[in-house]
Amino acid sequence: MSKFLSRRFSSLVPYTPGEQPRDMEYVKLNTNESPFAPSPKVIAAVNGEEVKKLNLYPDPTGKALIQKLAETYGVGEENVFISNGSDDILNFSFMAFCDKDKGAFFPEISYGFYEVYAELYGINYKKIPLNSDFSITPAHYFNAGSTVVIANPNAPTGLALSVAQVEEILKANANDVVIIDEAYVDFGAESCVALTKKYNNLIVVMTYSKSRSLAGGRLGFAIAHKDLIRDLNTIKYSTNPYNINRLTMAAGIASLEDADYYKNCNKNTAEVREYTKAELQKRGFTLTDSKANFLFAKSDKIGGEEYYMALKSRGVLVRHFKNEKIKDYVRITIGTKQQMDVLLLKTDEILSEV
Ligand code: PMP
């Protein structure tokens, strides 16, 4: 820390992204990226005329992409917000809908960035413990008097609430914003987008990073009542109006035009998830009922950190969290079937040495 950093941030602990080592070629199952390339239509759109226009700013309103998203999700254009990855939208949401008086409620074990944003903005937040099976009880979020933020499916557990359960939370927080982070919804959970028509306090946040193979493009979107979208735009136009570059905008539009391609990729991921889960169970692992593009797994023979390190030394990267309550587990991103077979092979090697 330099002597110039504002005292406000002196104790801030930033978010730690999953490691991206460059020392060797890993089977990379640690940051929940898609193993599949973007659709050929996306690649064509990015290589085309758009590159020649990089001397010009992108459309700050993102009209063409918003139109496509509105059409895809059956909502009005005034109900859609787009930004530079869903992290950007979560950041704007904490900025817009929380302050010293209005706190935040989120699960104790969830996406680590929620706590970072809450700390960044000096928000009075409450981490709600999960049940011992890692499930979320909706009633724990009733009458929060705070903004509620829930990843659904949750990370890193992969467990999902039903739309009916989210609706209970919405009904019991009519005067507060409820943010449902659907980063992983396309791999088998139920989306709450339809509820945005009924509840003016709901923001559904989604990303292109997982189910649309565009983590490197940085594109996220949110669907909500038009007044909430207007608030998010107030923050956007007060920070960085050109927050989506031209190439990403073109990629975002093209990917919506190739929905079948992504549907197939996501179906494959869900199938490979179930295959890998069954194989790990045969090897003595306990796993949650993940609906996401990752598994959350605990071995009966080896600790979480030890397993993570042993895999890494064999060229397979998974994610381990040091938090006491989940330290026995690792989170394993679902790659291709071939990548998961490598994971299983290396796991057999490791377990035979324990
Ligand atoms: N929400 C959750 C639950 C996540 O796991 C992630 C990915 N790290 C994000 C949001 C952010 O995704 P992105 O900024 O790439 O859209």
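Colleague: What makes Lys327 partly exposed?

Modeller: Its relative accessibility. This is a predicted model, and in it Lys327 comes out at 33%. Buried needs under 20% and exposed needs over 50%, so Lys327, at 33%, counts as partly exposed.

Colleague: And why is Glu324 called exposed?

Modeller: Glu324 has 59% relative accessibility. The cut-off for exposed is over 50%, so Glu324 passes it.

Colleague: How do you know that Lys327 forms a salt bridge with Glu324?

Modeller: Look at the closest N and O atoms of the two: they are 3.6 Å apart. The limit is 4 Å between a side-chain nitrogen of Lys or Arg and a carboxyl oxygen of Asp or Glu, so 3.6 Å qualifies. The general idea is that side chains of opposite charge can pair when their charged atoms come close.

Colleague: How many salt bridges does a search of the whole structure find?

Modeller: It finds 28. One of the pairs is Arg283 with Asp348, at 2.7 Å from N to O. Arg283 sits in the loop between helix H9 (259–282) and strand E9 (285–287), while Asp348 belongs to helix H11 (residues 337–353), so this pair ties together parts 65 residues apart in sequence.

Colleague: Are those two side chains' residues buried or exposed, or what would you call Arg283 and Asp348?

Modeller: Arg283 has a relative accessible area of 18%, and buried means under 20%, so Arg283 is buried. Asp348 has 34%, which puts Asp348 in the partly exposed class. Both also belong to a network of salt bridges that links Glu279, Lys282, Arg283 and Asp348.

Colleague: What makes Glu305 and Lys322 a salt bridge?

Modeller: Their side chains meet at 2.7 Å, N to O, and that is within the 4 Å limit. Glu305 is in helix H10 (residues 304–313), and Lys322 is in the loop between strand E11 (316–317) and strand E12 (329–333), 17 residues apart. Glu305 counts as partly exposed at 36%, whereas Lys322 counts as exposed at 63%.

Colleague: Let's move to the sheet. In what order do the strands of the open sheet come?

Modeller: There are seven strands, in the order E2-E8-E7-E6-E5-E3-E4, with mixed pairing.

Colleague: Why are E2 and E4 called edge strands?

Modeller: Strand E2 (80–83) and strand E4 (125–128) each pair on one side only. From one strand to the next, the twist averages 20°.

Colleague: How do you know that E6 and E7 pair?

Modeller: Strand E6 (residues 178–181) and strand E7 (residues 202–207) are joined by four bridges. Pairing needs at least two, so they qualify, and they run parallel. Within that pair, Ile180 has Val204 in E7 as its bridge partner. Helix H7 (residues 226–236) packs on the sheet too, touching E2, E7 and strand E8 (220–224), and its direction makes about 140° with that of E8.

Colleague: What makes strand E5 largely enclosed by the rest of the structure?

Modeller: Five of the five residues of strand E5 (residues 147–151) are buried, so that's the conclusion. Thr147, Val149 and Ala151 point one way, Val148 and Ile150 point the other way, and all are buried.

Colleague: Which strands is E5 joined to by bridges?

Modeller: Strand E3 (residues 104–107) is joined to E5 by two bridges, running parallel; at least two are needed for pairing. Ala104 has Thr147 in E5 as its bridge partner. E5 is also joined to E6, by four bridges and again parallel, with Ile150 standing opposite Ile180.

Key:
Residues are numbered from 1 along each chain as its sequence is written. This is a predicted model: local features need pLDDT of at least 70, side-chain atom pairs count only at pLDDT 80 or more; totals for chains, interfaces and linings use all residues. Side-chain values use heavy atoms; hydrogens and water are left out. Buried means under 20% relative accessible area, exposed over 50%, partly exposed in between (1.4 Å probe, protein chains only). Axes are lines fitted to C-alpha atoms, for helices over the stretch in contact, and angles run from 0 to 180 degrees between N-to-C directions. Contact means heavy atoms within 4.5 Å.
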